[in-house]
Amino acid sequence: MTGIRDGKSTVMHDGVPPTVFGGDGSDLQTAEVWATDPVFPDCSSYREITEQFEQFDLALQPGESRFRLMEFAAGGDFAMHASPTIDYIVILDGEIDLELEDGTEVHLTPGDSVVERGVMHAWHVRSDKPCRTAGVIIGADPLPDGDNHEEAG
């Protein structure tokens, strides 16, 4: 992570993320790399808030952000869910299938990206290797009931 020290840009932190959830045999491990409070992130000071997180949370307040590294276990199936967030996800290693509530599935491999916009979805790792992703998650207003899509055009 970068910052400003003595009026010049510098590396403020280079190492293991301060907060990690899961691991030790669980199906999902999440490293919270960075987070901001709503509504406007502040670049003027170094304030690490991930250290105070007590549990992994999918629901963020509008404007909150998270930079997450996630590892989905080999053979893992993750239940259908939706959260009031916009997720920008990149597949780093392994393979994973994104399933939507209409049954559509998309197979994702390293280098693929997804913008997940608060709709119902599930994740499936159907290989014997874990899948690693990086993502930026931003809290948003939830979709109104029954309004899970827009027409393309």
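Guide: Start at Glu116, whose side chain reaches the backbone nitrogen of Val119 at 3.0 Å. A polar atom of that side chain also lies 3.4 Å from the backbone nitrogen of Gly118. Polar contacts are N or O pairs within 3.5 Å; within protein, one atom must be able to donate a hydrogen and the other to accept it, and sequence-adjacent residues count only if both atoms are side-chain atoms.

This is a predicted model: local features need pLDDT of at least 70, side-chain atom pairs count only at pLDDT 80 or more, and totals for chains, interfaces and linings use all residues. Residues are numbered from 1 along each chain as its sequence is written, and side-chain values use heavy atoms, with hydrogens and water left out.

Glu116 sits in strand β10, residues 113-116. Strands (E, at least two residues) are DSSP runs numbered from the N terminus. Glu116 is buried but has no salt bridge. Buried means under 20% relative accessible area, exposed over 50%, partly exposed in between (1.4 Å probe, protein chains only). A salt bridge needs a side-chain nitrogen of Lys or Arg within 4 Å of a carboxyl oxygen of Asp or Glu. For Glu116, the nearest side chain of opposite charge is Arg117, 8.0 Å away. Here Lys and Arg count as positive, Asp and Glu as negative; His and the chain ends are not counted. Beyond its neighbours within four places in sequence, Glu116 is in contact (heavy atoms within 4.5 Å) with Thr85, Ile86, Asp87 and His121.

Elsewhere, charged side chains do pair. The model has six salt bridges. One of them joins Arg66 to Glu64, with the closest N and O atoms 3.5 Å apart. Both partners are buried: Arg66 has a relative accessible area of 9%, and Glu64 has 12%.

Asp93 takes part in other bridges. Lys129 pairs with Asp93, the closest N and O atoms being 3.9 Å apart. Lys129 lies in the loop between β11 (121-124) and β12 (131-139), while Asp93 lies in strand β7 (residues 85-93), so this pair ties together parts 36 residues apart in sequence. Lys129 is partly exposed, at 42% relative accessible area. Asp93 is partly exposed too, at 27%.

Asp93 also meets Arg132 in a salt bridge, at 2.9 Å from N to O. Arg132 belongs to strand β12 and Asp93 to β7, so the pair links parts 39 residues apart in sequence. Arg132 is partly exposed, with a relative accessible area of 35%. Shared partners join Glu71, Asp93, Lys129 and Arg132 into one network of salt bridges.

Now move to strand β8. Residues 96-100 make up β8, and four bridges join this strand to β9 (residues 105-108). The two strands run antiparallel. Pairing requires at least two DSSP bridges between strands. Together β8 and β9 form a hairpin, with four residues between them. Gly103, in the turn, has a positive phi of about 95°. Across the pair, Glu99 stands opposite Glu105 in β9.

Ile96 is also found in β8. This residue is buried, at 1% relative accessible area. Leaving aside neighbours within four places in sequence, Ile96 is in contact with Phe72, Ile91, Val106, His107, Leu108, Trp123, His124, Val125 and Cys131. Gly75 is 21 residues from Ile96 along the chain, and their C-alpha atoms are separated by 9.7 Å.
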